[in-house]
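Colleague: Hi! Could you walk me through this one while I have it open on my screen?
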Amino acid sequence: MSPPIDRRTFVAAAIGTATSPWWTRVAQAHSHDTAMRLQPFPLADIRLLPGPVLDALQVNRRYLMGLDPDRLLHSFRITAGLPSSASPLGGWEAPDNELRGHFTGHYLSACALLAAQTGDTEIRARGDAMVTELAKCQAAFGTGYLSAFPEELFDRLRAGKPAWAPFYTIHKIMAGLLDSYTLSGNESALATLLGMAKWTSNWVRPLGDDAMARVLEREYGGMNELLRNLGAATGDAQWQDLARRFDHERIFAPLAAGRDELQGMHVNTTIPKIIGAARGYELDGDPRLHDVADYFWHTVTERRTFCTGGTSSGESWNTPPSQLAKELSGYTQECCVTYNMQKLTRHVFTWTADARAADYYERTFYNGILGVQHPQDGDKLYYVPLQSGFWKLFGTPLHDFWCCTGSMAESFAKLGDSIYFRDERDVYVNLFVPSTLSWREKGLQLTMETRFPESETIRLTVRLDRPLDLPLRIRVPGWTREGSASLNGRRLDSFASPGSYLVIDRRWRDGDVVEVTLPMHLHYAAIPDDPSLRAVMFGPIVLAGRLGNAGLTRDVLRAGPTKPRTVPEYAAEPVAAPAIVTSGLEPSGWLKPVPGRPLEFQTVGQARPLTLSPLSRIFDERYAVYWKV
Ligand SMILES: [Zn+2]
């Protein structure tokens, strides 16, 4: 028998009331130095509990630990004039590839993230050992420079001659070192990073604004963000000044003015620059940088994303806003783009506590991240094809090392990220992933148990040293209807509207249990400029029709060794998906659940029967996401 809910318990919807506290904080965001009203909990405070998300993290761990450090270091050593007998890696890490070394940077980040996420000392030691070896390479260069390719690429960049993307690659290495310092406490990583930053400063300083503007036309990753984070980590303002030289005014100006001029732009070149703007707003309080990032986030998430939350086709935005019908291809939704949109969304959420930002993050988590790692060998996807009849074209673990291989090695190392946020008092629960949260200063441990999305129920158990007054804010997603909650077995008489937070503000006691039920329904996500072209979703989950694996031999399923400067290409043609005939307004008119198989649906009344499953669970098979209905 559960005790009655005490009178101190206050339950409210976080949106739609004039007294709602977080609106007040949003208003303050423009008038105070500190822009961040919320902060994510550090990865080290979050542990994943058994389930498919933890399984995916472990697949990535095996993948990371399976890579040979000497092979990852080979081109660094050779370029620095040090001996190396390791056999070189292939793809974009091959000795003649101008991006070589980029993956090693991602690898440092992935090791540091995974060590923080799990407390795994073996993976931390792997990252630390790599940092030590890279420091030796830097010492051999003698100028602070550190790269797997020679400085000559930067000479070409300065002269306006062809060079793929030197600062892009340097950014990955610097970010890996910064993560090693901030997450693993590796002081040598900071020293090496400072050497690289000084080298960068020396390279940039002689350039006038026009010359620097030309340099910024070449993809440079998130140099502006990285240098701002270095400034924040060291308290040295020179890095903020250097960061501003990497702010790309040509990109920022229209966004600050609220104009979407993104058509024709390379997507993954652009987003990291905007993340740099977001970080600049947070550290400097510059409202213009806020407007750049805020407008960008809104126009991309509201007018340029597919049902999955992903964006880009052939790596670019090729159309005006809200025109996506012609964008569906085998080369949609580059995975780096999803990685970076998640990162930007995390910033936007900390400014606004807007549940819609958390909804967007969730959509990308299930439909843009979880399904892009092959469960067998941990290889990562480059594109998530959204044209019907394609399949997920994975690479081979030692022969590709695409940009997305690196970004996803990081993503799958930090799957506990952005589940929980906090301000001074409140805890926000944003994602429904089995995990524990420790808020040490408060003596609070929160355990989330759920089989979501297979189950609609989320159970949160509070562990406390002593009773604690705390508002617990649980996201009520925009996709749910008629949700409910109970506290210690007693149903709460009010609930929050979809797209807001359920706030339970009370004096918590050890052992308190909250259960939330978030019913999921089938619904359409239509292409904005062709309402007859629709995807089907169940809650936040994109469903894909299984079109079989005819003709998909191993050679067709895997991209094979990718040559320098090439992206994977399909070795067979897509097949057409059948049109759906229905008179109903809802997908439930032609889809019925498969008994005993959660999240699976069977078509009804169609010429060719098909099964639909979550896109994230389909591997080595053709599929269709968008249907002509
Ligand atoms: Zn990529």
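Colleague: Which residues lie nearest the centre of the largest pocket?
Modeller: Asp-179, Glu-225, Asn-229, Lys-343 and Arg-346 do, out of 47 residues in the lining. Keep in mind that this is a predicted model.
Colleague: Thanks. How much space lies in that largest pocket?
Modeller: About 1300 Å³.
Colleague: And how does the lining split by class?
Modeller: There are 19 nonpolar, twelve polar and 16 charged residues in the lining.
Colleague: Which element gives the largest share of the lining?
Modeller: Helix H7 (166-184), with eight residues. At least two residues each also come from several other elements, including strand E2 (39-40), helix H4 (102-118), helix H10 (223-234), H15 and H17.
Colleague: Let's switch to the metal. What are the protein donors of the zinc ion?
Modeller: Glu-334 donates through OE, while Cys-336, Cys-403 and Cys-404 each use SG. These donors lie 2.1 to 2.3 Å from the zinc ion.
Colleague: What geometry does the site have?
Modeller: The zinc site is tetrahedral, with angles of 96 to 120° among the four donor atoms. For reference, the ideal angle for four tetrahedral donors is 109.5 degrees.
Colleague: What spacing do the donors follow along the chain?
Modeller: The spacing is E-x1-C-x66-C-C. Within it, Cys-336 in helix H15 (residues 335-352) and Cys-403 in helix H17 (residues 403-411) are 67 residues apart, so this pair links distant parts of the chain.
Colleague: Are those two cysteines buried or exposed?
Modeller: Cys-336 and Cys-403 are both buried.
Colleague: How many residues of H17 are buried?
Modeller: Nine of its nine residues, among them Cys-404, Met-408 and Glu-410.
Colleague: What do the buried residues of H17 pack against?
Modeller: They pack against helix H2 (52-66), H4, H7, H15 and helix H16 (355-369).
Colleague: Where is Ser-322 found, and what is its phi?
Modeller: Ser-322 is in the loop between helix H14 (287-303) and H15, and its phi is near 65°. That value stands out because most residues other than glycine have a negative phi.
Colleague: And what about Asp-620, what is its phi?
Modeller: Near 55°, a positive value again in a residue other than glycine. Asp-620 is in the loop between strand E19 (611-614) and strand E20 (622-624).
Colleague: What relative accessible area do Ser-322 and Asp-620 have?
Modeller: Ser-322 has 27% and Asp-620 has 25%. Ser-322 counts as partly exposed, and Asp-620 is partly exposed too.

Notes. Residues are numbered from 1 along each chain as its sequence is written. This is a predicted model: local features need pLDDT of at least 70, side-chain atom pairs count only at pLDDT 80 or more; totals for chains, interfaces and linings use all residues. Side-chain values use heavy atoms; hydrogens and water are left out. Donors are N, O and S atoms within 2.8 Å of the metal (3.2 Å for Na, K and Ca); water is not among the atoms, so sites may look incomplete. Four donors count as tetrahedral if all angles lie between 85 and 135 degrees; four count as square planar and six as octahedral if opposite donors are over 155 degrees apart and all others between 65 and 115; anything else is irregular. Helices (H or I, at least four residues) and strands (E, at least two) are DSSP runs, numbered from the N terminus. Buried means under 20% relative accessible area, exposed over 50%, partly exposed in between (1.4 Å probe, protein chains only). On a 1 Å grid over the protein atoms alone, a cavity is a set of points where a 1.4 Å probe fits but cannot get out, and a pocket is an open set with protein on both sides within 12 Å along at least five of seven lines; lining residues have an atom within 4 Å of a point. Grid points are joined across faces, edges and corners, and a volume is the space filled by probe spheres set on the points. Ala, Val, Leu, Ile, Met, Phe, Trp, Tyr, Cys and Pro count as nonpolar, Asp, Glu, Lys and Arg as charged, and the others, Gly among them, as polar. Contact means heavy atoms within 4.5 Å.
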